[in-house]
Amino acid sequence: MTDPTVPSAPLLRTPLHDLHVAAGATMVPFAGWSMPVKYTSDVAEHVAVRTTAGLFDISHMGQLSVEGPDAAAFLDHALAGRMSALAPLQSKYTMMLAPSGGIVDDLIVTNTHTPEAAASRDPAAPTAYLVVANAGNRDAVLAALIERTTTAERTFDVVVTDTHRALIAVQGPRAQAILEGLAAAGRLTLDASSGATLADLRYYRSAPGAFDGETITLSRTGYTGEDGFEISVAPERAVELWEAISAVGAPHGLVLAGLASRDTLRLEAGMPLYGHELSLDTLPAQAGLGRVVVTAKDDFVGREAILAGPPADAPVLVGIALTGRRAGRADYPVVLPDGGDGALERVGTVTSGVLSPTLGHPIAMAYVAPHLAEIGTALAVDVRGTAVPGEVVALPFYRRAKES
Amino acid sequence: MSTLPADLSYTSEHEWVQIEGDLATVGITTYAADQLGEVVYVALPAVGDELTAGAVCGEVESHKSVSELFAPLGGVVSEVNASLEGEPELAGSDPFGSGWLFRVQVHEPDLGHLLSAEDYQAQVDALS
């Protein structure tokens, strides 16, 4: 199908692209998009999110809408979790599985129908869900969702579309104060119907609202290990929202933050990244995410393979803390500690690794043989010929201090 | 755009070389430092190591990436910047000063393959 003489498609741009360039961001290709990898220093951006706040453009992520009377039953069939159990305005981390049990993508699904609609208890009332997919899998997830609306037994009455909305994340301990500042300025409101204020909006809950009168959805979610919010907004209003949050956030120490810091933040927080820790060749249980799959529900794509489970000797995901300053990076071999003869025996592979800005030592996630997965097991990473010693540690590497 | 010291020579691998007699001091350029971000580890050759011009002789690692160092000239390593062991970030924050990397006693100073500041600047400009 692909004609090699046709040049690859130009990179996609988010509605905020020109602002990133004007702010001096280093732009890089990422999953077909031109995205800011950093604005100033990736470490400074990382530290800002841990201590004050960072502003991320994540509009490259897919925001897919699933609407219709069968939406809940359809998602129970198409995805790994029990989406029909989601309360109105509740979100859940879940996955789309292949029939092989491998992971097509990891997703956040939100039940977007309001409490009033739920209270009507009309079984025919339309239900709606928002499925947030990784940028690199956006089209594959959309296509698979559409394909899964029809099975041998039935056709689900749903409409699946890509909303093409923009997505902006405000992450860090000052995130709530910053958005409260925006509310105090009269620019951000949450719908009274959701019953939530910014202060009492719980983790993995969302609230419909408005920015300068334009409908938005605000969720207390993130990919950094800090408190924070993700705001879905119409693309034509994304620039104003970005600039408003930047202005209100500046006195709080908010900085613009790129994909490099997003990656190191999520890695410290032990969160998997599709294409690194998760893939079509990985079953959720191998990644320590067996709990995401609800096998007690009726037929769903991947069920038989999940029930069969991975082979007993299939590699499993672990966290490894290394000594020194040199990081074991993606694809570096995990080896047994150097016995002194210089021979390195490979027992696994690093999927993500970095010198942790918060902890000061290198951290890595890696797949290793299951008998080496116990906390405290001495392992090493082959860093370009040198076995850098370390040990298996519990994930996450970093957990924020809870407020009183 | 920062101004490159005109009295230094440069390589297409984004290193600078200062020649004084038969001693050549080597560091990375501002462009390389900017591309790397914060330097967290520098692996240098050892004093006494024999370097071959163009061969890999070390590496500079930042949070996000690893870059190899290439010997700009052949010779014997006469000195390394010991302060980089405790403060590797100097290689990125002060690349033309306290972040210098190592000195080589050059066998035959053949500078023909090195670039002038002007030529190197043109090469960097073409990258951006």
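The largest cavity is lined by P36(A), Y39(A), F56(A), D57(A), I58(A), A257(A), G258(A) and L259(A). A cavity here is a set of points, on a 1 Å grid over the protein atoms alone, where a 1.4 Å probe fits but cannot get out, and lining residues have an atom within 4 Å of a point. The volume of the largest cavity is about 30 Å³, where volume is the space filled by probe spheres set on the points, and points are joined across faces, edges and corners. One cavity of 30 Å³ or more is counted. Its lining divides into six nonpolar, one polar and one charged residues; Ala, Val, Leu, Ile, Met, Phe, Trp, Tyr, Cys and Pro count as nonpolar, Asp, Glu, Lys and Arg as charged, and the others, Gly among them, as polar.

The model is predicted, with local features needing pLDDT of at least 70 and side-chain atom pairs pLDDT 80 or more, while totals for chains, interfaces and linings use all residues. Residues are numbered from 1 along each chain as its sequence is written, chains are lettered from A in the order in which they are written, and side-chain values use heavy atoms, without hydrogens and water.

Next comes the interface. Chain B brings 14 residues to the contact and chain A brings 16 residues, contact meaning heavy atoms within 4.5 Å. About 1200 Å² is buried between the two chains, and carbon and sulfur atoms give 44% of that area; buried area is the accessible area (1.4 Å probe) lost by two parts on being put together, summed over both.

Side chains of opposite charge can pair when their charged atoms come close. Over all chains there are 15 salt bridges, each a side-chain nitrogen of Lys or Arg within 4 Å of a carboxyl oxygen of Asp or Glu. Four salt bridges cross the interface of chain B and chain A. In one of them, E61(B) pairs with R329(A), with the closest N and O atoms 2.9 Å apart. E61(B) lies in strand 6 of chain B, and R329(A) in the loop between strand 16 (316-322) and strand 17 (333-335) of chain A; strands are DSSP runs (E, at least two residues) numbered from the N terminus. E59(B) and R384(A) also form a salt bridge, at 2.3 Å from N to O. Strand 6 of chain B supplies three residues, the largest share of the side of chain B that touches chain A. By class, that side has four nonpolar, five polar and five charged residues.

Two backbone details of chain A remain. A cis peptide bond, with omega about 0°, joins L395(A) and P396(A), and P396(A) sits in the segment after strand 21 (386-393). H164(A), a residue other than glycine, has a positive phi near 55°.

Note on methods
Helix = DSSP H or I, 4+ residues; strand = E, 2+ residues; numbered from the N terminus. 1 Å grid on protein atoms, 1.4 Å probe; cavity = no way out; pocket = protein on both sides within 12 Å on 5 of 7 lines; lining within 4 Å.
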